[in-house]
Amino acid sequence: MAPRMLTGGQIVCEALCAEGVDVVFGIPGGAILPLYGTLSQYPKLRHMLMRHEQGAGHAADGFARATGKVGVCFATSGPGATNLITGLATAMMDSVPVVAITGQVGRAAIGTDAFQETDITGATLPVTKHNYLVMRAADLARTVKEAFYVARTGRPGPVLIDIPRDVFQEKAWADDYATVKMDLPGYRFPTTAPQAQVEAAARLINEAKRPVILAGHGVIISRAFAELKELAEKAQIPVVNTLLGLSGISQEHPLFVGFPGMHGMAYASLALDQADLIVAIGARFDDRIVGDAKRFATNSKKVHIDIDRAEINKNVRVDAPVVGDVKNVLKQLNPLVSKATHVDWVRHIEHLKSEHPSLKIRETDRLLGQHVVRGISSVTKGDAIIVTGVGQHQMWAAQHYRFKQPSTWLSSGGLGAMGYEVPAALGAQAGSPGKLVWSVCGDGGFQMTMSELATVFENRLPVKYAILNNNHLGMITQWQDMFYRGDHQADAYTGNPDFVKLAEAFRIKGMRVTKQEEVIPTVKEANEHPGPVVVDFVIEKVDHVYPMIPSGQSVQELMEEPL
Amino acid sequence: MTSPTQSPGPAIVPAPFATTHSRVVTALVYDKPGVLARISGLFRRRGLNIASLTVGPSEKPGLSRMTFVVEGPENIVRHIAAQLDRLVDVIQVEDITDKNTVWRELALIKVTATPATRTEVLNLASIFRVSVVDVGAGSMTFEVTGDESKIDALIELMRQYGVREVMRTGKVAMLRGTLVPGDPDGSFRVKNGVARLAPAEMAGGDSGSV
């Protein structure tokens with residue numbers, strides 16, 4: 001195609017189309033209006049008008065996690081851009097590919113404290129993988145191409161492109177996007193690992209008597225499901241997932257153990273502690289798993305497979321680092337691993353499971369959060385996409401949902417952003433039209449972003465929202481009980497809205513459940529309803545999530561529920 | 001009312017990093033706005049102190065070379081080259097702390113020198129191969145180049161006359177030109193005239209760079 005003279009806005013839209021983008025989450029404003037002015041020429045780009053830019057960021061994140069594609073969001077300069085930051089920080093912590101395009105005040109006004117001016121490239125430095133301020137329309141195509149490439153390759157992450165208002169309007173020659181050259185000499189990431197590293201890891205695996213795989217989010221990002229399963233089965237290695245690694249292996253698999261750490265299953269934490277080898281795959285030894293690093297899994301050697309060499313030896317000393325893309329590394333590693341059985345060790349873990357029934361729900365007539373998640377899990381047969389906020393409901397969802405399909409667990413693990421659940425579920429649904437999406441919400445987080453229900457309704461997205469409503473910031477109540485002598489401050493909502501009426505106000509079907517026996521019929525009814533649903537599950541007011549390893553401690557301090 | 005200096009005050013808080021460790025890192029970076037902010041932000045987020053920093057144009061147009069001396073807890077400081085390598089604007093980065101390097105620092109030192117002491121000051125300073133770059137009515141300014149300890153020694157020596165002002169560039173460092181396997185550091189080889197880290201050092205593997 002011969003070069004054409006286009007405006008900056010057109011160049012951006014053409015680049016987005018060429019990148020395969022079909023949905024954008026955003027809110028317009030003065031500085032980004034010229035870009036919106038070109039959207040009508042690109043009907044392929046479906047724009048979802050969000051109610052808050054935080055929602056746009058989380059929706060792009062949810063879209064990306066559910067589809068594996070890059071999520072895209074738009075915001076204007078100043079407050080629009082600063083509102084995106086929580087969404088970007090979430091994507092950064094959890095390595096999610098997101099491209100954010102923000103409008104900026106005109107070039108002549110930059111640095112003058114102009115109306116709605118914020119130095120957003122400065123403000124987002126620590127929460128983006130990379131960012132750009134583009135000062136010439138002629139640089140736009142290359143910048144968008146680089147941004148998508150940087151966002152989705154290596155260890156993925158968010159990339160922000162800040163574009164002054166008049167750069168959208170400036171005209172420039174646009175070449176065929178496929179021929180646009182990137183200029184990234186400083187951007188490197190490993191693909192395969194050096195053979196010596198793989199061999200060293202294989203040796204440790206072949207020598208191990210009590211090996212455990214700790215499979216993290218990297219397995220999901222790299223889509224290494226078959227390779228992980230092959231490794232586990234070939235050498236009969238039990239698989240522990242990190243919180244974000246959940247759904248990387250079917251929970252029906254006999255070698256699946258659970259997830260460890262602060263609120264993980266006791267037997268998963270104990271398996272890590274008693275292992276003689278931990279094979280961490282795409283996991284970063286987060287403090288919620290490690291606790292006290294000096295006392296973490298002291299009986300074991302560690303193999304650490306990660307694409308980011310800065311993760312090696314960051315939190316935990318590693319004996320065999322393997323730096324490369326998880327899927328490629330496992331393809332290199334699996335042939336070097338000897339077929340083996342660890343019958344006694346696997347039996348021992350089964351024994352731990354029966355000794356420590358972490359998933360047993362206490363006998364009660366009251367409705368508990370666990371009952372709700374169990375109900376959703378059984379009705380959806382573990383096939384739904386589950387999105388959560390942060391807090392007790394998140395931990396119950398992680399514990400009690402039986403994931404069978406990969407990439408179906410979306411949760412703000414690293415940043416821990418309450419309010420993620422409403423817009424991220426919307427984004428996931430936008431990217432996966434035929435799939436059932438259940439958002440397990442806390443009543444606290446739901447109220448942070450519930451305005452996006454309007455977006456859900458407008459775009460006919462059939463998301464099912466389950467509010468685990470205890471009229472409390474439940475995890476705050478729990479911490480104040482456990483670590484602040486029961487001194488309850490600001491943990492209770494005494495004037496929560498009527499969530500059923502609220503749903504109806506958004507023209508969404510609302511239902512309420514107060515009894516255990518109503519859970520399954522209501523979940524079924526919600527599934528059968530063609531549109532979005534909000535279910536207000538009124539659960540026990542004060543309850544604690546167990547097991548619990550207090551922050552910074554070890555498995556020795558693990559507390560289990562007195563049953 | 002007691003003045004602040006008379007009050008006993010709280011006990012002196014120990015330095016934040018009792019076990020401060022320092023690393024010397026060189027980086028080839030884009031010469032454009034915001035690059036230094038990205039790098040210094042990375043140090044700041046990890047609570048690291050930049051003991052010295054020098055920046056200047058490199059042999060390649062559009063690229064600058066930086067030398068940092070970074071201080072902080074050992075486990076964090078040792079990761080700094082790997083962290084810097086993640087930045088897209090950093091083309092190349094090397095932790096040269098334990099490598100075979102040449103390094104220099106330049107300092108300008110203004111010393112009190114009256115007509116009575118001028119000769120004595122100059123005689124002492126000349127042992128350090130200084131250049132006199134300025135003489136005033138009551139002072140002299142020396143330029144001195146060398147390693148850190150040499151400059152420290154000269155400053156200490158001049159204190160008896162009165163050191164009015166010191167300006168130091170901080171360390172600039174470079175790998176030695178001839179690096180073959182078997183050099184004391186053992187981890188370098190020269191390929192096409194460019195010293196590269198041996199694969200084991202990179203801990204990387206095939207690069208997907210463009």
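Trainee: Into which domains is chain A divided?
Mentor: In this predicted model, chain A is divided into domain 1 (4-179), domain 2 (195-355) and domain 3 (369-555). Such bounds come from an automatic or database domain assignment. Residues are numbered from 1 along each chain as its sequence is written, and chains are lettered from A and ligands numbered from 1 in the order in which they are written. As the model is predicted, local features need pLDDT of at least 70 and side-chain atom pairs count only at pLDDT 80 or more, while totals for chains, interfaces and linings use all residues.

Trainee: What separates the centres of domain 1 and domain 2 of chain A?
Mentor: Taken over C-alpha atoms, the centres of domain 1 of chain A and domain 2 of chain A are separated by 37 Å. Their contact takes 6 residues from domain 1 of chain A and 6 residues from domain 2 of chain A; two residues are in contact if their C-beta atoms, placed from the backbone, lie within 7 Å.

Trainee: How do helix 1 and helix 7 of chain A cross?
Mentor: The axes of helix 1 (residues 8-18) of chain A and helix 7 (residues 140-152) of chain A come within 9 Å and cross at roughly 30 degrees. Helices here are DSSP runs (H or I, at least four residues), as are strands (E, at least two), numbered from the N terminus. Axes are lines fitted to C-alpha atoms, for helices over the stretch in contact, and angles run from 0 to 180 degrees between N-to-C directions.

Trainee: Parallel or antiparallel, then?
Mentor: Helix 1 of chain A and helix 7 of chain A are therefore roughly parallel to each other. Angles under 35 degrees count as roughly parallel, over 145 as roughly antiparallel, 65 to 115 as roughly perpendicular and the rest as oblique.

Trainee: Which residues meet there?
Mentor: From helix 1 of chain A, Gly8(A), Ile11(A), Val12(A) and Ala15(A) meet Leu140(A), Ala141(A), Val144(A) and Lys145(A) of helix 7 of chain A.

Trainee: Changing topic, how many helices and strands has chain B?
Mentor: Chain B has 6 helices and 11 strands. Its domain assignment gives domain 1 (20-98) and domain 2 (102-168), and 30 Å separate the centres of these two domains of chain B, taken over C-alpha atoms.

Trainee: How many residues of chain B are in contact with chain A?
Mentor: 22 residues of chain B are in contact with 27 residues of chain A. Helix 1 (35-45), helix 3 (80-85) and strand 4 (90-95) of chain B each supply at least two residues of the side that touches chain A. The largest share of that side, 4 residues, comes from helix 1 of chain B.
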